[in-house]
Amino acid sequence: MLWLYPGFLIGTAAVALPILLHLFRRRPKRTVLFPTLRFLAAAAPQNDRSKRLRRWLVLFLRCAVLSLFAAAFARPFLATSKGGQRQAFAVVIDNSFSLRAGRRWTDLRTWVRDQIRDAKSEDTIGLLVMAPKPTWIAPLSTRRDSALAILDTLAPGWDTAQAEPALRLAGDALAATAADRRSIVYFGDHQRVSWAGCDFGKPLPPGVRTVFPDVPAPLARQAAVRAPVITRTPTGFHVAVAIENFTAAENRTLYVYRDGATAPVWRQDISLPEREIQTCQIDLPPGPEGVSAYFTVSLDEDDLPADDRAYGVWQASGEHPVLLDPTPDSGSDYVGAALAATAGLKPYVQVLPIPASAWPPSAVAVLRNDASFSGAAAERLTAFLRGGGSALIFVGGGSAELRWLETAGLKMRPLEEEGDGLELRDWAVDHPLVAGLASHSASTLLDWRFRRGWALPTDAVEPLALWPETGAAIGETTGIGGRVLICGFGSDRRDSDWPAREMFVPFVHRAVTYLLGSPTGGTATPAQVGQPLPLPAETGFWRALAGPTAAAPPVQAGGTIAPNAPGVYEFSYGGQKKLFAVNLPPGESDPAPWSDGKPWRNLESTAHMASASLPRVPVSAIQAEQHSPLWWWCLASAAVFLAAELAIANRTTR
Amino acid sequence: MSDAGKAAAEEPAWSAVTYPMRPVQPTLARHAGARPTPSRLDMSELAALGSLPLRARRLADAVGPGRHRSRRKGASVEFADYRDYQPGDDLRRVDWRLYGRTDRVQIRDAHEETPLRVLLLLDVSASMIYSSRPGLLTKLDMARSVLGALALLVRRQRDACGIGLLTDNLLRYLPPGGSPARLRAVWGTLDTPILATPTALASALEQAVAVAPPACLFIIASDFYEDPAALDAVVRRMRFERHDALALQVIDPQEEDFDFSRPVEFADSEAPARLQIDPVAAARAYRSAFAAHRHALTEVFRGSGFDHLALRTDSSPLAALAAYLARRAGRA
């Protein structure tokens, strides 16, 4: 017999009341000397014996009524599974690349299997990986063998991992189960970076216990190669690479490979000081001519070979044309000023006026004048976009502009300021453009305030930011042809002080860069594993030229992509090729464990499960209870017993 | 309006302690030939009278002087009837004057003046020592008072009076006698302190019947907590031996009404038995059983031509005295 809501069984304690009433009922305190009991004896025996029987019967009936009521509310149902306590295990796996060190991964896997060795067929097991974000690779289920098979085939990734979000997610999931024993089994190396920022004072849900492995033995040799910076020199290439040593000083050998060659183009013995960063400046010969080249910088292997290799790319870049229409009024040209201010940054752009002939499709058009949307200019704009061109449009509210946008399926809705003005909110921070803006400080996304604006239909664009009420303030669309970024506000100071604010120039620069299809920051800041990379809007093929996934077949991609392994990647589209260097996140290379005790033990709540949380009822239990509605029988029996109790109790007191 | 009616009209309503004399049972009234004069008797006053002789005299005075006439015929001065001479008759009883006038030899019969032998039997068992509330006589005291008054009445009528105390046997016995000293002896016996003993009334009555002189009037004051069947045997023996009997069943009002309101523990006055019951719940059954017992007693005594009278200790006992007088008149 199982109970759907066993908490109601506390109500059975109410049987103490009739028992107390029975034990402490009013008894005669006075003794009367009576001439004879012969006539009482005639009535009393049945009076006394039957009354005593009735009293016990009434007591039984009262206890039964109360118990049955409590049982009915507790919703009993017949057990469909085997007896014993049910367990639920959530294995939280630190799949960061630091687990690639030595035998850490296999040892932890063996340890985890030992922890769940006693799991029975009705017990639930789930696997949750930490990186790149907490994800159930095997949701909590009774398919134990399937989960173990996944665990056996799982390998550590190339990302860094944070323990707390995954532990909280696993804790919440376990708390929602109906298992009697809920355990989080931690599959990790207690690396300091994985525990950094964890709020150890905030316990997991009550009733969830934690099982942590011991801190692994420290690594004897560990150094990491950081992302190299490749620059073209008149004599060839210059490679600047930093090597961070996390262990004792030692001598290592540094190799540089070019374009996937197996033979190094450079070899150097270096001396790494203890726990310091050593920077190497390497001049390489020019090698074969070409528009691009990529380099692999590696050390001889240590205890964690994953970060002993880093990748760099050099790519020849010309000046990209940016077509800028005239400012709509005679005031200052803030957009032009912004483009001029960032002219020295890669990718280099050449600002050109809107031509009277067809616009080159490789250009980016920056439009803010109503004249650009009327007459022949509008036709050229449409043709330009359909030909694959990209555009950044600041909506000024001109009739031709709004008409052209409506023709393109973008019916703009004017907005007027209310109170403190129209402030942008709900930024799409995972968008490459927005992520680039917020990469250094999220404050660049604050206080975008306008006196007037136009709301873009959210169903026609991908919103990058929203207006306070409804509609997108900044949206991206490829529905017209090429990639178009539309800002529902003007680029001059008629509607806002925004063009004079510090975030204006970076926004214009990054928007143009984004539309040009170049990674923000150029080759000087190679991407990291897990970071989204902006790709040209056209669909192309993405493949790894070097790195762990070099043997993987090309995949179709476009827009953005987030590589999950380091290496050099090539994106081929429309007869063009672009190279991307992706390296490991640097913090993960430090193998130092958490040094301040074992605070993760505090995550286990000391609150009692039953008192602190309502039991969560699994659907299977509800279904089983519905198939055997014993509560109805409990209620019916209680009603019958209650009627009997009333009848007998009345006769007892008569 | 009669004098009694006027007195009733002038009297205030009955108080809790003032009771009218109960009417005599019709059968007894027929024998008496006249209703006793209604009188008032204050039961609290009676209870306040400490000694038995005082109570007895108060009661006897309340019922008035009793008179009776013997219905036996014999050698007496009062003419009764003539009958033919038969051989063996005492020639001194022949009415020679009648013979001289009519030549018939007739025997002159006269009413025989015979003294009545009254044997008072008092149940002194423990169950008689019961009074349900202060101010009421115990059943024993009530019985003593009534029997004492009856002894006085008997003495005033120059009848013989005896006494017997009944427990589980005949505890003490004084045969009927007519001397003035006997009255004091009877009162002294009635006033004898007693030990609480259980009752075996039928057995004790058997002993009394066995030692009593012929043709006695047994006046039995008891609560009659005895098996009616056992009593029936001894009552039939009384009848067989030409005794007369008047049964006075002394009852405390609580014994009859049984109006206890709260649960109490009842202890038997004659046995170690105790009983915890809800008296409210048991009252109906108790009253029914008590009434059945009383009815059975009545049947037992009336079945033998005797009288059975219930005396409540909260009611006037004059009915008992009147019943005696009626019985005496019937015997005369």
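In chain A, residues 24 or more positions apart account for 73% of the contacts with a separation of 6 or more, where contact means heavy atoms within 4.5 Å. This is a predicted model, in which local features need pLDDT of at least 70 and side-chain atom pairs count only at pLDDT 80 or more, while totals for chains, interfaces and linings use all residues. Residues are numbered from 1 along each chain as its sequence is written, chains are lettered from A and ligands numbered from 1 in the order in which they are written, and side-chain values use heavy atoms, with hydrogens and water left out.

I'll stay with chain A for a moment. Of its 654 residues, 48% are buried; buried is under 20% relative accessible area, exposed over 50%, and partly exposed in between, with a 1.4 Å probe and protein chains only. The chain has 14 helices and 34 strands. These are DSSP runs numbered from the N terminus: H or I of at least four residues for helices, E of at least two for strands.

Take helix H5(A), residues 163-175. Its 13 residues reach 18 Å from first C-alpha to last, close to the 18 Å expected at 1.5 Å a residue; the expected span is 1.5 Å times one less than the number of residues. Among its buried residues are Glu164(A), Leu167(A), Arg168(A) and Leu174(A). The cover over the buried residues of H5(A) includes strands S4, S5, S6, S7 and S8 and helix H6 of chain A.

Now chain B, and strand S9(B), residues 244-251. Why is S9(B) described as largely enclosed by the rest of the structure? Because 8 of its 8 residues are buried. Asp244(B), Leu246(B), Leu248(B) and Val250(B) lie on one side, Ala245(B), Ala247(B), Gln249(B) and Ile251(B) on the other, and both faces are covered.

What does S9(B) pair with? Pairing requires at least two DSSP bridges between two strands. S8(B), residues 216-222, pairs with S9(B) in the parallel sense over 6 bridges, and Ser222(B) has Gln249(B) as its bridge partner. Between S8(B) and S9(B) the chain passes through helix H9(B), residues 228-240, in a right-handed β-α-β crossover: with the strands pointing away from the viewer, the path from the first strand over the helix to the second runs clockwise. S12(B), residues 307-312, also runs parallel to S9(B), joined by 6 bridges, with His308(B) opposite Ala247(B).

Last, the interface. Chain B puts 30 residues in contact with 21 of chain A. About 2,500 Å² is buried between the chains, carbon and sulfur atoms giving 68%; this is the accessible area (1.4 Å probe) that the two parts lose on being put together, summed over both.
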